[in-house]
Amino acid sequence: MPPESHILLGLFVPEMGLMLRVGLTGGIASGKSTVAARMLQLGVAVLNADALAHRLIEPGQPAYDDVVREFGREILRADGTVDRKKLGDIVFRDPARRERLNQIVHPRIIEAREEQLKEMQSQNPHGLAVVEAALLIEAGYYKKLDRLVVCSCRPEQQMERLRARGLTEEEARQRIDAQLPLAEKLRLADDVVDCSGTLQETERQTDALVERLRQLAAAEPTKGEAGK
């Protein structure tokens with residue numbers, strides 16, 4: 001999913017000895033992946049939940065058998081791997097099937113992600129970890145995190161970017177409508193990256209955000225803030 005950043009910063013300070021866990025999300029094609037890529041360039045540990053979901057439905061992985069049993073062998077390629085476009089065509093047309101897929105995959109994503117975060121915490125207690133996921137809010141996982149970053153862009157840009165990926169207007173609309181409206185995500189954000197401008201503008205905002213998050217991760221809580 002595509003490019004871009006404006007930053008609204010709150011005043012959360014993590015508990016002493018606890019890694020700062022930050023969620024990164026946004027509407028489809030709103031710039032989340034571009035922001036995540038810049039964070040990686042800056043040396044931030046970014047856990048990509050969407051990539052993890054893709055791995056979980058590969059042959060031999062935890063969710064593969066359940067997904068094939070639920071959606072049928074017609075979603076498979078000749079080599080036995082899941083054709084994600086075929087699966088997407090099914091679940092984006094039918095909210096009930098999409099919910100069923102989420103029921104199969106999301107608990108396994110959360111389990112694997114928690115293990116990754118525990119390992120990172122043990123190695124760097126005052127570090128910074130970013131969890132990147134399209135459905136971070138929809139799945140409720142954002143409540144387990146310390147801060148939430150939401151990437152945004154104009155609605156017409158979302159549509160343009162999805163069409164540029166080869167989707168029809170109907171397919172693009174289905175994917176946009178399958179997610180919580182961006183305005184609702186923005187209301188929950190601690191930090192906002194406005195991705196409607198140039199790549200350079202997005203990167204400048206991301207750089208400033210990462211610097212601020214690192215300061216928060218390194219900070220010791222002042223009296224009265226510990227335990228928040």
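Here are some questions and answers about the predicted model shown above.

User: Is Cys 195 buried or exposed?

Analyst: Cys 195 sits in the loop between β5 (191–194) and α9 (199–218); helices (H or I, at least four residues) and strands (E, at least two) are DSSP runs, numbered from the N terminus. Buried means under 20% relative accessible area, exposed over 50%, and partly exposed in between (1.4 Å probe, protein chains only). Because its relative accessibility is 0%, Cys 195 counts as buried.

User: Which backbone oxygen does the side chain of Ser 30 reach?

Analyst: Ser 30 lies in the loop between β1 (20–26) and α1 (32–41), and its relative accessible area of 0% makes this residue buried. A polar contact is a pair of N or O atoms within 3.5 Å; within protein, one must be able to donate a hydrogen and the other to accept it, and residues adjacent in sequence count only if both atoms are side-chain atoms. At 3.3 Å, the side chain of Ser 30 reaches the backbone oxygen of Cys 151.

User: How far apart are the C-alpha atoms of Leu 148 and Leu 186?

Analyst: Leu 148 belongs to strand β4 (residues 147–152) and is buried, with a relative accessible area of 3%. Along the chain, Leu 148 and Leu 186 are 38 residues apart, yet their C-alpha atoms are separated by 9.5 Å.

User: How many residues apart in sequence are the parts tied together by Glu 70 and Arg 100?

Analyst: These two side chains form a salt bridge, their closest N and O atoms being 3.1 Å apart; the term means a side-chain nitrogen of Lys or Arg within 4 Å of a carboxyl oxygen of Asp or Glu. Glu 70 lies in helix α3 and Arg 100 in helix α5, so the pair ties together parts whose separation in sequence is 30 residues.

User: Why are Arg 69 and Asp 66 separated by about one helical turn?

Analyst: Arg 69 and Asp 66 meet in a salt bridge (2.6 Å, N to O). Arg 69 is exposed at 61% relative accessibility, while Asp 66 is partly exposed at 25%. The separation is about one helical turn because they are three residues apart in helix α3.

User: What is the relative accessibility of Lys 185?

Analyst: Lys 185 forms a salt bridge with Glu 138, with the closest N and O atoms 3.3 Å apart. Glu 138 is in the loop between β3 and β4, and Lys 185 is in helix α8 (residues 182–188). Glu 138 is partly exposed at 31%, whereas Lys 185 counts as buried, its relative accessibility being 0%.

Key: Residues are numbered from 1 along each chain as its sequence is written. This is a predicted model: local features need pLDDT of at least 70, side-chain atom pairs count only at pLDDT 80 or more; totals for chains, interfaces and linings use all residues. Side-chain values use heavy atoms; hydrogens and water are left out.
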